[in-house]
Amino acid sequence: MTRAAAEAVIKALLSEKDYLNGLDEKLGDGDHGSNMASGALAAKEALDEAGDEADLKKILQAAGDAVIMNVGGTAGPLYGAAFLAAAEVVNKNSALDAATLEKIFGAAVEEIQKRGNAQLGDKTMLDVLIPIREAFNAENCAGKSFEEILTAARDAARDGLEFTKTIAAKKGRAASLGEKSIGFEDPGAASALIIFRALCGYWKDSLRN
Ligand code: ADP
Ligand code: MG
């Protein structure tokens with residue numbers, strides 16, 4: 001089940017390669033889709049090696065290692081380190097619920113900030129990942145079903161990507177464009193949304209089955 005969720009993410013990233021490269025052509029060097037696709041292929045190989053019985057922790061570790069070792073650019077190593085940090089906060093007994101997801105996205109955000117020193121509003125992947133983490137916060141989840149929480153998190157992620165269009169980049173390659181970066185979506189924020197939408201699609205299907 002966890003493995004199928006990872007496969008949904010891999011498939012989504014491979015199919016959005018050209019779209020992500022296109023966004024990065026506007027703000028950077030046009031390789032974000034290719035970087036994410038090579039990360040997805042490396043993660044797929046690592047998952048095949050980890051075998052069918054791999055649990056969430058093993059899957060996050062295998063994907064993190066594979067991405068760190070195989071993906072160049074800025075975002076790949078940040079994503080890889082985020083997967084490894086997320087692996088640290090789950091174990092065999094972790095349930096798929098809002099509290100676990102808050103821990104996972106909390107660890108990922110913290111690691112990305114530790115390495116890249118970016119804040120909310122700097123026009124990076126964090127403008128999508130921080131709102132996702134907030135949506136899983138206990139206060140924001142009160143009175144909601146898990147499906148409603150996922151929908152709220154996905155909407156917050158989508159709003160986060162929209163927000164990146166309205167602001168100037170302060171980190172990464174796009175920062176050198178200054179105000180000229182306004183009007184374009186951040187590629188790393190777009191890949192974070194693609195990853196999260198693939199997970200939500202998979203989780204919602206499994207809730208219904
Ligand atoms: P590169 O910029 O080296 O070509 P990519 O194109 O793969 O790498 O990734 C670019 C993305 O990396 C940006 O769109 C942004 O979301 C993300 N990014 C850049 N710098 C940072 C940072 N300091 N913290 C978080 N994310 C960052
Ligand atoms: Mg790039």
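Biologist: Which helix gives the most to the shell around ligand 1?
Modeller: H10, with three residues. A helix is a DSSP run of H or I with at least four residues, numbered from the N terminus. This is a predicted model, where local features need pLDDT of at least 70, side-chain atom pairs 80 or more, while totals for chains, interfaces and linings use all residues, and side-chain values use heavy atoms, without hydrogens or water. Residues are numbered from 1 along each chain, with chains lettered from A and ligands numbered from 1 as written.

Biologist: What makes a residue part of that shell?
Modeller: A heavy atom within 4 Å of the ligand. 21 residues surround ligand 1, and His-32, Asn-35, Thr-74, Asp-186 and Gly-188 are the closest.

Biologist: Which elements give two or more residues to the shell around ligand 1?
Modeller: Helices H3 (32–50), H5 (75–88), H6 (98–116) and H10 (187–208).

Biologist: How many aromatic pairs does a search of the whole structure find?
Modeller: Five.

Biologist: What makes Phe-136 and Phe-196 one of them, and which type are they?
Modeller: Ring centres must lie within 6.5 Å; planes under 30 degrees apart are stacked, over 60 edge-to-face, the rest tilted. Here the centres are 6.1 Å apart and the planes at 70°, so the pair is edge-to-face. Phe-136 lies in the loop between H7 (126–135) and H8 (138–141), Phe-196 in H10, 60 residues apart.

Methods. Phe/Tyr/Trp six-rings, centres within 6.5 Å; stacked < 30°, edge-to-face > 60°.
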